[in-house]
Structures are given as C-alpha cells and as structure tokens.
Amino acid sequence: MTGLPEVTVTGTLTATPELRFTPSGHAVANFTVAANERRYDKNTGQWADGDATFLRCSIWREAAENVTNSLNKGNRVIVTGRLKQRTYDTAEGEKRTVFELDVTEIGPSLKWATATVNKATRTNTTAGAPKAEDPWGAAPAASSDEPPF
C-alpha cells in the first residue's frame, strides 16, 4: 500500500484560518477551502457557479503559524496535502463520512492577486548548539585543478 493520496486543490478560504495549540505546544491551523466550477452560459450571456465542494484542511507547526499570519477569508489559495476519509456518528446516531486534507503545502494563488514573500525565521533552534556552516553560502575557493567535492 502506498499511503494516502496526495492531491492539489485550488479554491477560496471560507474563513480566516484558526490557530490552536495542542497540550504539548504544537501549533495547528484549521481552515476550509471552497472550490467550485464556473461556466459561461451562452443562453443567458452570464457566468454561472456550479456546486461548491468544501474541504476541511489542517496544517501543523511553523507552517500553521505562517498560514494564520499570511492568509485571510476570501483569499484564493493553492493547497497540496494527503486526502483522508473519516467516519463518525452524529449526536442523533447517524453515520457520517467526511474527507479532510492534511496540508503539506499552501500558498496564495497569483492568478488574480499579488503577494510579497517574506522568509520566516525559525524559532525552535536548539539552545547552545553550534551553528552549522553553510557550504553554499561561502564564496568559491581560488581556482585549482581539484574538483570542489
């Protein structure tokens, strides 16, 4: 078995993402993406919306905080993640099945908007640990006949 299917959905946030924290301190953001088809009706000469699909989404840790600091209700987004199916019983005893998306990547759609990207700084570095040198950040060494690796 290969695991859960990875899907990409483009749609609109129905509300501003909600940030919560688990008892162990991990951040999780929950939000819903609405996706629907628009078709041009030649008979009326107008655009018509098709039925909407609402997909409940969650994203974890630093990405959750970035989402809640960056996106708002009404933003058009592109979301990628693992599609999960969950069954539960309602208070009336009825069985319900829902599909949810465990988000791995999300960003604003730039089809009808612009965005400014600011690199987030990590806040959970290990205290006292020496910083690793960035081998790609240094200027190239003086030319020699030896390969660099």
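**View 1. Salt bridge between D102 and R82 in the predicted model.** In this predicted model, the side chains of D102 and R82 form a salt bridge with an N to O distance of 3.2 Å. R82, at 31%, is partly exposed.

**View 2. Surroundings of D102.** Strand 6, which spans residues 95–108, contains D102. With residues up to four places away in sequence set aside, D102 touches S58, W60, G81, R82 and K84.

**View 3. Salt bridge between E18 and R20.** The closest N and O atoms of E18 and R20 are 2.4 Å apart. E18 is partly exposed at 36% relative accessibility, and R20 is likewise partly exposed, with a relative accessible area of 48%.

**View 4. Salt bridge between K95 and D89.** The side chains of K95 and D89 meet at 3.6 Å, N to O. K95 has a relative accessibility of 63% and so counts as exposed, the threshold being over 50%. The count of salt bridges in the model comes to seven.

**View 5. Polar contact between T80 and T8.** T80 is located in strand 5, residues 76–89. Its side chain makes a polar contact of 3.0 Å with the side chain of T8. Apart from neighbours within four places in sequence, T80 is in contact with E6, V7, T8, V103, T104 and E105.

How values were computed:
Residues are numbered from 1 along each chain as its sequence is written. This is a predicted model: local features need pLDDT of at least 70, side-chain atom pairs count only at pLDDT 80 or more; totals for chains, interfaces and linings use all residues. Side-chain values use heavy atoms; hydrogens and water are left out. Helices (H or I, at least four residues) and strands (E, at least two) are DSSP runs, numbered from the N terminus. A polar contact is a pair of N or O atoms within 3.5 Å; within protein, one must be able to donate a hydrogen and the other to accept it, and residues adjacent in sequence count only if both atoms are side-chain atoms. Contact means heavy atoms within 4.5 Å. A salt bridge is a side-chain nitrogen of Lys or Arg within 4 Å of a carboxyl oxygen of Asp or Glu. Buried means under 20% relative accessible area, exposed over 50%, partly exposed in between (1.4 Å probe, protein chains only).
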